[in-house]
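Please read these points with the model open beside you.

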Amino acid sequence: MGRYLCNTLQEALDSTVPTVAGKRRDFDVVVIGGGSFGSVVANGLFMRDPMRSRRILVLEQGPFVLPEHVQNLPFMGGEPGMRVPWVVRPNSDLGYAGLLYALGGRSLAWGGWSPEFLQDEPPGADEQVVPGGNEEMSGWPPGVISELQDPYFYDAGDQIGVNSTNDFVYGPLHQALRQMLFDGIVAGSGAGLPFASLPLSALRNHPVVRAFRRRNGRAPTAAELGEFLSLELNGGVPAPSRADLLNMLKLEAPLAVQSVADPGLFPVNKFSAMPLLVQASRSAAAESDGVGTDADARKRLMVVPKCQVLELVTETQQDNWVRVTGVRVMDDAGNERVVPLAPPMPDGRQSAVVLALGTIETTRVALTTFKSSLAGRAAGRMGKNLIAHLRSNLNIRIPRASIAAALPALGPAALRALQVSALFIKGRVASGSVDRYFHLQITASGLGRFGNNSEAELFKKVPSLEQLRALQQADDSTVVITLRGIGEMTPQNPDSFVALATSPADAEYGRPKAFVDIGDSRQPAGGSPATQLDRDIWEAMDSFTDDVALIFANGQPFEIIVAAGAQTIPVPAGATAADLATLHPYGNRRDRLGTTHHEAGTLWMNDDPGQGVTNGFGRVHDTTNCYVAGPALFPRSGSPNPMLTGTALSRRTVTLLADQVLPRPQAFTLAAPWRVLFDGTARSFNTDWTRTSPDASNGFALIDGEIVTYGDRDFGLLYYSREAFDDFTLRVQFRIADPSSHNSGIFVRFQDPTVKPTQTIAQRIQDAGDGKQFAQNRAWGAVHSGFEIQIDDLAKGDPRRDFYGLVPEPNGLRKNRTGAIYKIPAGDSIPSGGFDAALQAYQPGPNLVPGRWYEYEIDVRGDNYTVDLTDLESGAKTRTTTFKNTDPARGISSMGGRPAGYIGLQSYSGAAVAFRHIAVKP
């Protein structure tokens with residue numbers, strides 16, 4: 001599969017050599033890293049290109065291994081391999097497992113939890129406005145916060161599936177645990193327990209509530225909130241208040257998982273960025289219409305796996321800013337090669353490179369590249385502010401009776417089924433002069449007495465009825481609950497950084513590896529004050545976890561599961577949080593630092609070039625075109641998994657690049673009475689115009705808002721199929737690329753090629769000896785039913801035709817030259833002496849200059865045809881021909897009772913011509 005979706009490095013480099021209609025095909029964007037966020041960027045830039053005006057190259061060191069998340073499409077033999085390409089301090093507690101070396105990166109195997117940063121509600125956006133809630137994004141640029149709130153968190157939530165309810169998670173067990181947690185939080189808040197530090201009212205509404213308002217223009221009703229929660233709000237039990245319903249929804253896990261999607265869309269189970277890259281790659285291949293170097297040159301996106309990026313190639317400009325001009329890579333043979341970027345455009349737009357290798361490797365490339373050119377500026381800050389997450393795990397197994405006792409209305413048999421639950425709760429602790437945040441990811445499964453995996457049935461599709469029935473008949477006498485705490489680390493900790501290794505032994509491909517260290521807050525003492533603050537945060541989070549565990553225990557005895565289920569610790573009835581801390585000390589629950597794969601912060605954003613490494617869109621300060629995608633941009637990480645925020649930031653950067661940075665021609669408009677037939681967009685090209693020639697014939701591509709011809713076989717026809725015209729004036733702009741080969745033309749007043757030709761036209765096709773060609777290529781119908789206004793300064797003769805039965809048609813005849821109506825006699829001399837008839841009054845225009853735009857204005861009124869040719873650079877205008885049609889069966893607006901006034905463009909063998917700005921008026 002990868003061979004059809006990817007290219008080799010050599011193919012990518014070769015594709016920049018040919019010109020397409022006279023234009024170079026350098027890459028406008030090079031995305032370094034085809035993982036989670038590189039794929040989001042590449043797909044976004046590909047899709048947000050209505051004029052098809054840019055080329056994108058994705059370089060990924062790993063291979064293509066599978067097109068989906070491993071849980072949706074199991075990878076035979078396990079997940080793609082993780083590798084640690086950096087070095088760490090001896091005896092460091094850093095537990096980074098490394099990078100997942102494959103296209104799609106960590107998104108192939110991530111867990112799906114996608115909470116947002118805690119922040120103020122925009123006024124009027126939701127059910128309630130909570131002031132003072134955005135401390136979790138303190139230090140972030142204000143403009144970024146505002147635009148993440150609307151629209152980018154919403155858009156990213158839609159893309160990865162968070163804006164839907166948890167289709168996988170519902171049922172009695174989930175409802176029971178959610179109600180227990182809700183009641184315990186409310187009661188705890190009233191009793192002055194730690195829950196009072198962050199009441200539910202301080203949280204943003206669940207994404208499904210905000211998405212509902214955005215889609216429907218109103219807030220959901222209480223009944224609709226009940227549906228989101230799978231509650232039956234009718235008699236018997238008092239209905240919760242609206243505020244309680246909203247707060248209950250805040251406990252629903254924000255998961256990037258769906259089982260049901262909107263009509264026409266596939267569900268996102270689980271989200272992976274790889275399908276985005278697959279979609280773009282397939283579309284790019286289809287557009288290129290072929291294989292080989294020439295087709296690759298037309299391809300808008302190329303994905304190159306197994307490609308090691310060494311560094312960026314830069315130049316320092318006169319204003320001391322730095323511009324990236326290319327990317328230095330290592331090929332399969334061990335040779336260093338440079339992939340060049342397209343040069344800047346005259347209008348100031350330019351190409352760009354996007355670093356998306358993951359926080360540590362992106363920082364390494366940035367340091368390697370800019371350590372000299374940006375010394376004393378952004379390079380002096382690169383690698384500082386390394387942050388990740390603190391993570392603890394508490395696994396408990398409680399009797400089902402504990403839940404039934406708390407909620408007797410469920411009934412004794414309610415939990416005997418295939419049951420799962422996923423819940424989320426946020427916490428806060430004052431740390432130093434600011435608040436720090438953490439959250440619990442709570443998963444639960446109804447399992448047998450010796451079950452110990454709370455995700456045993458979570459997120460998984462059951463493939464057979466027999467397996468489903470076996471699971472449903474299991475004795476769910478206990479419920480296993482995992483409470484995973486995720487806490488933020490203190491930013492700007494001098495103990496935590498990424499630098500370049502200094503030992504010659506710590507080098508790869510002749511460049512130093514990254515050297516990584518982190519504040520060792522798992523140890524009981526030592527390190528900077530920021531490292532000590534992390535210990536305080538961890539202590540508060542673990543204490544908070546115990547409080548939540550006791551809510552689910554409901555005063556009953558239960559077990560703590562340790563050592564991967566090989567050992568349990570009994571907990572007596574009525575235990576306190578202090579008892580849990582004694583029975584299972586916090587230090588035994590904590591993962592090594594970095595095991596969350598959430599490393600962030602080393603290239604953080606700040607609007608002030610002297611205070612950060614990048615600006616709010618991820619551009620490295622004092623560079624013109626180097627951008628960063630991913631969590632390396634975070635000034636502070638809060639507690640959320642970075643996937644949602646990283647996706648939102650990537651989409652925001654895509655918007656900037658697409659709208660303001662990268663080459664982007666404007667769509668063509670023209671005032672009435674003119675009507676635009678081709679405005680340069682893909683919508684116009686794909687919807688209004690139809691190619692009739694077979695795939696093996698010459699073709700047409702949309703490139704830079706222009707229709708470009710290509711091919712080396714029988715001629716092709718692209719015609720405006722939405723409508724035929726009676727009398728009209730047509731304007732078409734065109735340019736040639738090669739003075740020695742540019743044969744093309746514009747057809748007018750011909751019959752619809754997709755319908756059976758009239759008997760007269762069919763007979764003419766046969767009489768001309770074109771029956772075989774017409775049978776294979778319906779474009780030949782336009783030759784005999786309409787007229788072609790020629791584009792060919794060389795006026796090449798048709799070698800298949802004998803001139804008066806004597807010799808092949810020579811080159812240079814007026815009737816075959818630019819501006820003439822093709823093959824209509826124009827007073828050319830003939831070999832036997834004299835001149836042929838002059839049925840058109842032809843006047844040659846100026847010789848066509850490659851790369852210069854010209855405009856035809858073709859007027860068709862009844863039987864009268866005129867053609868004006870204008871050199872758009874000089875403004876010189878020539879009436880090249882006047883013609884009165886006397887043929888009653890050709891070039892007329894109606895044939896056989898059907899409209900025949902169609903307009904089309906021709907592609908011809910080996911002759912690249914570009915067209916744009918096509919309009920007609922009555």
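The points below go through these topics in turn.

1. Basis. This is a predicted model, in which local features need pLDDT of at least 70 and side-chain atom pairs count only at pLDDT 80 or more, while totals for chains, interfaces and linings use all residues. Residues are numbered from 1 along each chain as its sequence is written, and side-chain values use heavy atoms, with hydrogens and water left out.

2. Helices α3 and α16. The axes of α3 (residues 36-47) and α16 (residues 642-661) come within 9 Å and cross at roughly 35 degrees. Axes here are lines fitted to C-alpha atoms, for helices over the stretch in contact, with angles from 0 to 180 degrees between N-to-C directions. Helices are DSSP runs of H or I with at least four residues, and strands are runs of E with at least two, numbered from the N terminus. The crossing is right-handed, that is, the near helix is turned clockwise from the far one by less than a right angle. Contact (heavy atoms within 4.5 Å) involves residues including F37, V40 and V41 of α3 and M643, R651 and V654 of α16.

3. Strand β18. Residues 514-517 form β18, which pairs with β4 (residues 87-88) in the parallel sense over two bridges; pairing requires at least two DSSP bridges between the strands. V87 stands opposite F515 of β18. Strand β15 (residues 497-500) runs antiparallel to β18 and is joined to it by four bridges, with V498 the bridge partner of V516.

4. The sheet β7-β8-β9. These three strands form an open, antiparallel sheet in that order. Because β7 (308-316) and β9 (336-340) each have a single partner strand, they stand at the edges and one side of each has no neighbour in the sheet. Neighbouring strands are turned by 35 degrees against each other on average, direction ignored. Five bridges join β8 (residues 322-330) to β9, and R328 stands opposite V338 in β9. Helix α11 (residues 359-370) packs on the sheet, touching β7 and β8, and its direction makes about 40 degrees with that of β7.

5. Cores. A nonpolar core is a set of buried Ala, Val, Leu, Ile, Met, Phe, Trp, Tyr and Cys residues joined through side-chain atoms within 4.5 Å, buried being under 20% relative accessible area with a 1.4 Å probe, protein chains only. The largest has 171 residues, of which M382 and F552 touch the most other members. Helix α14 (residues 529-553) supplies its largest share, 10 residues. Not counting residues up to four places away in sequence, M382 touches F370, V498 and L603, among others. A second, separate core of 38 residues includes V732, I736, I791 and V913.

Notes: Buried means under 20% relative accessible area, exposed over 50%, partly exposed in between (1.4 Å probe, protein chains only).
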